Amino acid sequence: MEHYIDLHMHSMYSDDGEFPPVELVRMCQQTGIRMMAISDHNCVKANEEALKEANRLNIQYIPAIELDCTYQSVDLHLLGYWINHKSLDFERVEYNIRTQEAEASQERLKLTRMLGLDVTEDELTAISGKGYWKDAWTGEVFAEVLLHKPEYAGHEMLHPYRVGGLRSDNPYVNFYWDFYAQGKPCYVKTMYPSLKDGISLIKDNGGKAVLAHPGINLQNRYDLFDEMVTLGIDGVEAFSSYHDEPSAKHFHGAARKHSLLTTCGSDFHGKTKPAIRLGESGCFVGQHEIERQLLDAKKQETLEDLSSPKNQAAAKRSHSEVEKRESCGFVGLQRRGGKRAFRLAEVLRSKVAKPAASS
Ligand SMILES: [Fe+2]
């Protein structure tokens, strides 16, 4: 069965990605991928660069993003495909997360030290400073620092992530899942938009909202999936490097039951997940069907755009009008309250009044 689609990969514009977008597109071409999407975490910067290179190489490119959001206190990832990646709404998403990440990184440092692991700010910045998210010390950044410290060569806690260890296939991201993910000792809560707001954000910007790798985010909460369908998700990433065959079958079946799009993606990151290769998602259906669904979805959206008075009016909105819109879950942030959320809301208001250039 021919595999030529990969709709989930990360560039250097993700806080945990490695390669520049143009390089990723070229790597896809060398791998035989003819339809692709770079879905960076909370950032759309890669799309313009990737789109140009993909056009040059005759690869079908879908503008995309992977949004963090929450539903019933469960952290989720929501993919947006065919989005208008030039929308200011996505700049706001990035600014929101970037602001919170700087504060959360300091909290993670404190919690890591409480585990008895000595890490300095300079060591962390030496890694994060090379990337686009310079102030974001993710679990993967902590892993990279700790695993390269000579004094921790024999440290028992790090043993599973070293060559031959049980968690050594993708050591950095596994360290994140084991220590910094929801419910783990160094987890720091971030105020993400609700799933409902995330879906609206993607759809308001012309996209299709697809739940990413639910097998890992939902864990034992598969019952929540049907509720998410009623909130308006358009599809599910049934085929992911995070899914084993039973999970893939489960969500492929769920997509058919609810007449949703089915998508496939490797979730390639580069050095963070070295065992993951482009194009490998465990997909067991003909990918021409996935391609057809996505192209039909785009066609349908285009037709709706042309015929809907609401969308025609939206298309005419000036930038200044768009800037006034409250989206990306900012309203939710204020409503949920809390000192940090309130401060964030204030920052966002000043940002909306006078947008600063993204770093
Ligand atoms: Fe991802």
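Where is the kink in α3 centred? I began with this helix and found a kink of about 25 degrees, centred on Ala-102. The bend at a residue is the angle between axes fitted to the seven residues ending there and the seven starting there.

**Entry 1: the model.** I noted that this is a predicted model, in which local features need pLDDT of at least 70, side-chain atom pairs count only at pLDDT 80 or more, and totals for chains, interfaces and linings use all residues. Residues are numbered from 1 along each chain as its sequence is written.

**Entry 2: the whole chain.** I recorded 15 helices and 8 strands. Helices (H or I, at least four residues) and strands (E, at least two) are DSSP runs, numbered from the N terminus. Of the 359 residues, 43% count as buried. A residue is buried if 20 or more other C-beta atoms lie within 10 Å of its own, exposed if 12 or fewer, and partly exposed in between, with C-beta atoms placed from the backbone. Among contacts with a separation of 6 or more, 72% join residues 24 or more positions apart. Two residues are in contact if their C-beta atoms, placed from the backbone, lie within 7 Å.

**Entry 3: α3 again.** I looked up the span of α3, residues 88–114. Its 27 residues reach 39 Å from first C-alpha to last, close to the 39 Å expected at 1.5 Å a residue. The expected span is 1.5 Å times one less than the number of residues. Just after α3, Gly-116 takes a positive phi of about 90 degrees.

**Entry 4: α5 against α6.** I found that α5 and α6 pack at an angle of about 115 degrees, with their axes 8 Å apart. The contact is made on α5 by Gly-139, Glu-140, Ala-143, Glu-144 and Leu-147, and on α6 by Pro-171, Tyr-172, Val-173, Phe-175, Tyr-176 and Phe-179. These residues divide into 8 nonpolar, 1 polar and 2 charged. Here Ala, Val, Leu, Ile, Met, Phe, Trp, Tyr, Cys and Pro count as nonpolar, Asp, Glu, Lys and Arg as charged, and the others, Gly among them, as polar. Axes are lines fitted to C-alpha atoms, for helices over the stretch in contact, and angles run from 0 to 180 degrees between N-to-C directions.

**Entry 5: the loop between α5 and α6.** I examined two residues of this loop, Arg-162 and Asp-169. Arg-162 counts as partly exposed because it has 14 C-beta neighbours inside 10 Å. Its C-alpha atom is 7.8 Å from that of Leu-147, 15 residues apart along the chain. Asp-169 counts as partly exposed because it has 13 such neighbours. The C-alpha atoms of Asp-169 and Pro-274 are separated by 7.2 Å, although the two are 105 residues apart along the chain.

Entry 6: Is Asn-42 buried or exposed? I found it buried, because 25 C-beta neighbours lie inside 10 Å. Asn-42 sits in the loop between β2 (35–36) and α2 (46–56), and its phi is positive, about 55 degrees, although it is not a glycine. Gln-219 is not a glycine either and has a positive phi of about 45 degrees. Gln-219 lies in the loop between α8 (214–217) and α9 (224–231) and is exposed, because 11 other C-beta atoms lie within 10 Å.

**Entry 7: Gly-282.** I placed Gly-282 in the loop between β8 (261–265) and α11 (287–307). Not counting residues up to four places away in sequence, Gly-282 touches Phe-239, Ser-241, His-243, Glu-245 and Ala-248.
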